[in-house]
Amino acid sequence: MRITKYTHACVRLEHDGRVLVIDPGMWSEPAALTGADAVLVTHEHADHIDVLRLAGLGVPVYAPAEANIPRLEVTGVPSDAEFTAAGFRVRAVGGRHAFIYGGQPDCANPGYIIDEAIYHPGDSLHVPEQPVETLLVPAQGSWMKTAEAIHFVKTIKPQRAFPIHDAQINDRGLSSVNGWLAGETDSGYRYLAPGESV
């Protein structure tokens with residue numbers, strides 16, 4: 001399977017001619033959606049979903065059943081759902097956005113495990129019960145500390161980890177976060193620049 005990281009939380013998965021895109025938000029490149037067969041959205045925040053871009057795409061969009069996404073027809077995903085999107089097997093796990101601050105309301109945010117191998121948690125730090133080969137770890141957020149990202153990776157123990165959710169920090173900050181995650185986890189952690197694939 002080919003994994004391509006785009007800006008911030010957007011990831012494109014390709015296998016046998018099928019294309020599944022996860023969290024194409026307002027900062028991600030339009031090229032991420034070229035030839036997409038389906039889209040997964042972890043939650044309703046604009047850095048994870050660009051509603052106007054998806055409205056004209058003409059492919060199935062899957063989002064949390066509780067999400068408030070006006071002007072876009074989506075297939076609602078309940079917690080713990082298992083379904084197929086673009087030929088990929090998807091399992092929704094968890095269900096809520098990570099705690100923000102001061103009792104501010106969170107939102108529905110399942111993470112998605114794709115083909116029993118790749119885990120995209122969105123803005124959740126939910127640890128799934130099943131093993132995960134490839135973890136897409138939130139590297140930074142106004143709602144988290146680097147220590148939480150490190151703990152998340154160390155708890156899940158993936159074979160490899162790649163950062164997502166990194167567009168709000170400059171190059172110096174990103175270098176520091178990458179250094180901490182690579183140095184403190186035994187997970188094959190590797191930074192992928194926007195547009196880079198593995």
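**Contacts, cores and strands**

Me: Which residues does K5 contact, leaving aside its neighbours within four places in sequence?

Reply: K5 is in contact with C10, P163, I164, D166, L192, A193, P194, G195 and E196, where contact means heavy atoms within 4.5 Å. This is a predicted model, in which local features need pLDDT of at least 70, side-chain atom pairs count only at pLDDT 80 or more, and totals for chains, interfaces and linings use all residues. Residues are numbered from 1 along each chain as its sequence is written, and side-chain values use heavy atoms, with hydrogens and water left out.

Me: How do you know whether K5 is buried or exposed?

Reply: Buried means under 20% relative accessible area, exposed over 50%, and partly exposed in between, with a 1.4 Å probe and protein chains only. K5 has 3% relative accessibility and therefore counts as buried. K5 is found in strand 1 (residues 2–5); strands (E, at least two residues) and helices (H or I, at least four) are DSSP runs, numbered from the N terminus.

Me: What makes the pair K5 and D166 a polar contact?

Reply: A polar contact is a pair of N or O atoms within 3.5 Å; within protein, one must be able to donate a hydrogen and the other to accept it, and residues adjacent in sequence count only if both atoms are side-chain atoms. The side chains of K5 and D166 make such a contact at 3.4 Å.

Me: Why is a group of residues called a nonpolar core, and which residues have the most contacts inside the largest one?

Reply: The name denotes a set of buried Ala, Val, Leu, Ile, Met, Phe, Trp, Tyr and Cys residues joined through side-chain atoms within 4.5 Å. The largest such core has 24 residues, and those with the most contacts inside it are L13, L20, L40, F83, A85, Y112 and I114. Among the strands that each supply at least two residues are strand 2 (11–15), strand 3 (18–22), strand 7 (82–85) and strand 9 (108–114). Strand 8 gives the most, with 3 residues. A second, separate core of 19 residues includes A98, V132, L135 and V153.

Me: How do you know that strand 7 and strand 8 pair?

Reply: Two strands pair if DSSP finds at least two bridges between them. Strand 7 and strand 8 have 4 bridges, in the antiparallel sense, and A85 has F88 as its bridge partner. These two strands form a hairpin with 2 residues between them, where A86 in the turn has a positive phi of about 55°. Strand 8 also pairs with strand 9, antiparallel, over 7 bridges.

Me: Which residues of helix 2 are buried, and how do you know where they lie around its axis?

Reply: In helix 2 (residues 146–156), the buried residues are A149, I150, F152, V153 and I156. Seen down the axis, they fall within an arc of 160°, so they line one face of the helix; the arc is that of the directions from the helix axis to the C-beta atoms. An α-helix has 3.6 residues a turn, so residues three or four places apart point the same way. The buried residues of helix 2 pack against strand 10 (118–120), strand 11 (134–138), strand 12 and helix 3 (171–184).
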